[in-house]
There are 2 protein chains.
Amino acid sequence: MEKYKIEVCYSPALFPFYENREAIVVVTDILRASSAIVTAFMNGVERVIPVGTLEQAKAYKDRGYMVAAERDGIVRDFADFGNSPYNFTPERVHGSQIVYSTTNGTNAIQLASSGSQVLIGAYLNISALADHIRKEGKDLLILCAGWKNKFNLEDTLFAGALAEMVLEDEHFHTICDSTLGAMDLYETARDDMMGYLEKVAQRHRLKKNNLDDVIGYCHQFDQTSLLPVLEENYLVPLRNVK
Amino acid sequence: MEKYKIEVCYSPALFPFYENREAIVVVTDILRASSAIVTAFMNGVERVIPVGTLEQAKAYKDRGYMVAAERDGIVRDFADFGNSPYNFTPERVHGSQIVYSTTNGTNAIQLASSGSQVLIGAYLNISALADHIRKEGKDLLILCAGWKNKFNLEDTLFAGALAEMVLEDEHFHTICDSTLGAMDLYETARDDMMGYLEKVAQRHRLKKNNLDDVIGYCHQFDQTSLLPVLEENYLVPLRNVK
């Protein structure tokens, strides 16, 4: 039986070595971009337009768009709000379009666009994501946004959790060391995820800016079955998800 | 107390994001280049000249040098021998100079040369390496050669083992997610290293070419206190190691 392969790419800078045009690419930036994007769709946003640079984000703002933009966890002056999932309230986002630019996540989304389908992954939608991937029957590449092209633990743990779920289907396999490593790290962390996350660098960055209140929220499983998918240059909810 | 920091870089392609000119850089390619280089010095080689390309290696061969050169585990036609530590016998290497080119390891050594000191690390010399780093009192950057710029487990486990040893000295600390991840993976693997290595991709590559007989050898601790160090463009044994 020909099996679909799973790979994990730990940094956008490594993407050229993992690129697979046949694969579904799941982009994750658990703290906080991918969790925020999934939250925006849970709260009824119509479209999220990820942009890589602040200049692009500002140009959209000048044209009247609502803009969420941060760098290093700090909201930019010209933006309506920043990167916390708590900003994407129904009152703000329902029925609207949002332009979104973050330190790591939005560049990763643009990079991933060579895949056969690009989805945004978070714990909030992880089971629906795994179900969809198993049903589609394609290779899976999980792209961790990382931190300024460095490896980070929180995205890696998510990649391990998702890989484990998809591998429950015998049509999938992995011979990828980074997938195996991610799964082992997830197994180490899973019984006390909040305790484990005490040590990750991004937690310290968020805490320094009093932004660490979202860590628990971003590690809640299965709050939605919505799957944000990239169409052309914007994200919309994938249709036909059960 | 100002502490020296430890970082681990999982791929030569990520080196620009971790580069630290103040740091001692330890380059590792456990299966098999760094283990082979340490073995060569154990067996009395005078100098190892790492070269990145096969063309450079061949040019040295044409000038009469002894050349070890392989790609993807296979010895190249023009070379005297390949990458197995078993090739570097005292009969062959004692008192001589060897030009060396491998798929991943030798490029990583050249990349690392911006560090304050570049050492070759393997389990074979791990305790001597940790002692030296603790005595020097400088930042430590462990550069994993990986596999064609992808993450690999066997180099990561070594990085975790070395980081743990150095961190026993309270003058060192780490806030680097890849170091923390490497240490956790090493803790997962250490009690049954050979069992754990069953799954790594490089073991399967070596097995396919009947080259996996060296895996046990390459995971033996402390067979020597010799530390190969980069001077200009060649490796020699570091002096003044106890």
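This is a predicted model: local features need pLDDT of at least 70, side-chain atom pairs count only at pLDDT 80 or more; totals for chains, interfaces and linings use all residues.
Chain B is superposed on chain A by a rotation of 180° with 0.0 Å of shift along its axis, at an RMSD of 0.0 Å. The two copies are thus related as by a two-fold rotation axis. The contact between them takes 24 residues from chain A and 24 residues from chain B. On the side of chain B that touches chain A, at least two residues are supplied by each of the helices α7 (153-167), α8 (177-189) and α10 (201-208) of chain B, and the largest share, 7 residues, comes from α8(B). By class, this side of chain B has 11 nonpolar, 8 polar and 5 charged residues. Because 100% of the interface residues of chain B are also interface residues in chain A, the copies meet through the same surface.

Within chain B, I120(B) has its place in strand β7, which spans residues 117-120. I120(B) counts as buried because it has 32 C-beta neighbours inside 10 Å, where 20 or more are required for that class. When residues up to four places away in sequence are not counted, the residues that I120(B) touches are V27(B), S34(B), I37(B), V38(B), P228(B) and L235(B). T53(B), by comparison, lies 67 residues from I120(B) along the chain, and the C-alpha atoms of these two residues are separated by 19 Å.

Several backbone features were also noted. Most residues other than glycine have a negative phi, and most peptide bonds are trans. In chain A, however, the peptide bond from L31(A) to R32(A) is cis, with omega near 20°, and R32(A) is placed in the loop between β2 (24-28) and α2 (33-42) of that chain. In chain B, the bond from L31(B) to R32(B) is likewise cis, with omega near 20°, and R32(B) is found in the loop between β2 (24-28) and α2 (33-42) of chain B.

K148(A), a residue other than glycine, has a positive phi near 50° and is found in the loop between β8 (140-144) and α7 (153-167) of chain A; K148(A) is partly exposed, since 13 other C-beta atoms lie within 10 Å. In chain B, N149(B) is not a glycine either, yet has a positive phi of about 70°, and its place is in the loop between β8 (140-144) and α7 of chain B. With 19 other C-beta atoms within 10 Å, N149(B) is partly exposed.

How values were computed:
Residues are numbered from 1 along each chain as its sequence is written. Chains are lettered from A and ligands numbered from 1 in the order in which they are written. Two residues are in contact if their C-beta atoms, placed from the backbone, lie within 7 Å. Helices (H or I, at least four residues) and strands (E, at least two) are DSSP runs, numbered from the N terminus. Ala, Val, Leu, Ile, Met, Phe, Trp, Tyr, Cys and Pro count as nonpolar, Asp, Glu, Lys and Arg as charged, and the others, Gly among them, as polar. A residue is buried if 20 or more other C-beta atoms lie within 10 Å of its own, exposed if 12 or fewer, and partly exposed in between; C-beta atoms are placed from the backbone. Copies are superposed by least squares on the C-alpha atoms of residues with pLDDT of at least 70 in both.
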